[in-house]
Amino acid sequence: MEQPKFNQYVLRVLEAHPGERICSFEYEGKKYWLKQAETLQGAMRVLKPNPQLALEKEKQTLEHLASRSAPVPRIVQSDKGYFVVEDVGVTVREWLILKSQDKPGMQQILNDSAAALAGLHSMGLAHGRPALRDISWQQGQVTFIDFEANQKGKDMLMQQIRDLLVYIHSLYRYMGPANEAITQAIASYRLAGGEAIWREAKSFLVSWQWLYLLLRPFRDIGGRDLKPIYWVLWHFRNIPL
């Protein structure tokens with residue numbers, strides 16, 4: 001890629017998408033994503049934080065994580081008010097639809113995503129919200145997107161416990177009580193270095209297990225956020241140490 005020509009092309013994309021939070025484009029057969037500071041209107045100027053500052057924090061977070069060799073999208077160009085990252089493939093959420101008839105293939109993607117989360121935690125890092133829509137998979141390579149930018153100063157162990165709970169909740173949210181597939185994925189997390197965090201999460205949820213019986217009547221009829229809470233609690237009650 002010839003950088004000056006690429007930069008000129010990015011400027012044309014910017015002109016075509018003023019104030020658009022995120023858009024994709026192709027250059028020389030490769031896909032990229034342009035992220036820029038959102039242009040807010042009316043009451044949103046009050047309700048949302050400074051979009052320029054939020055974008056800069058997101059950029060700094062990606063650069064810091066890349067310096068730690070974390071699996072994040074690579075920034076290929078940036079300037080005031082925007083940055084460009086390489087496309088890292090389809091998200092795990094989207095793969096659930098694309099591979100709905102390929103259970104072994106989907107299981108491998110789930111196992112890879114869980115092992116990658118364990119790898120991130122082994123680096124002493126956390127994502128902040130590793131839902132399936134924020135994890136991509138491409139030819140066996142897992143990449144995490146949309147990290148929470150404001151993680152400094154927070155207890156890392158609690159962040160990693162939260163990561164794991166959000167990840168398991170997301171599995172049940174999008175897959176329902178597919179306990180065999182989800183159990184295999186979490187086993188991959190544990191085997192890839194996440195055993196200590198899994199045990200800490202199990203201990204953390206002991207004081208919340210009273211919710212298990214309360215939510216049991218809603219395990220099949222509750223909303224998309226409520227039902228998974230029951231199954232997360234079920235997981236940690238029923239999966240042995």
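Q: Which residues are linked in a network of salt bridges?
A: This is a predicted model, where local features need pLDDT of at least 70 and side-chain atom pairs count only at pLDDT 80 or more, while totals for chains, interfaces and linings use all residues. Residues are numbered from 1 along each chain as its sequence is written, and side-chain values use heavy atoms, leaving out hydrogens and water. A salt bridge is a side-chain nitrogen of Lys or Arg within 4 Å of a carboxyl oxygen of Asp or Glu. The residues linked by such bridges in a network are Arg21, Lys35, Glu58 and Asp146.

Q: Which elements hold Glu58 and Lys35?
A: The side chains of Glu58 and Lys35 meet in a salt bridge, 2.5 Å from N to O. Helices (H or I, at least four residues) and strands (E, at least two) are DSSP runs, numbered from the N terminus. The pair links distant parts of the chain, 23 residues apart, with Glu58 in helix H3 and Lys35 in strand E2.

Q: Is Lys35 buried or exposed?
A: Buried means under 20% relative accessible area, exposed over 50%, and partly exposed in between (1.4 Å probe, protein chains only). Glu58, at 11%, is buried. Lys35 has a relative accessible area of 9%, so Lys35 is buried.

Q: How many residues apart in sequence are Lys30 and Glu86?
A: A salt bridge joins the side chains of Lys30 and Glu86 at 3.3 Å, N to O. Lys30 lies in strand E2 and Glu86 in strand E4, so the pair ties together parts that are apart in sequence by 56 residues.

Q: What is the strand order in the open sheet of four strands?
A: Two strands pair if DSSP finds at least two bridges between them. Strands E1 (22-27) and E3 (75-79) each have a single partner strand, so they stand at the edges. Strands E2 (residues 30-36) and E4 (residues 82-86) run antiparallel and are joined by five bridges. The pairing in the sheet is antiparallel, and the order is E1-E2-E4-E3.

Q: Which strands does helix H3 touch?
A: Contact means heavy atoms within 4.5 Å. Axes are lines fitted to C-alpha atoms, for helices over the stretch in contact, and angles run from 0 to 180 degrees between N-to-C directions. Helix H1 (residues 3-16) lies across E1, E2, E3 and E4, at about 140° to E1. Helix H3 (residues 51-67) packs on the sheet, its direction making about 35° with that of E4, and touches E2, E3 and E4.

Q: Which residues is His121 in contact with, leaving aside its neighbours within four places in sequence?
A: His121 lies in helix H5 (residues 103-122). With a relative accessible area of 6%, His121 is buried. Beyond those neighbours, its contacts are Ala126, Gln160, Asp163, Leu164, Tyr189 and Ile197.
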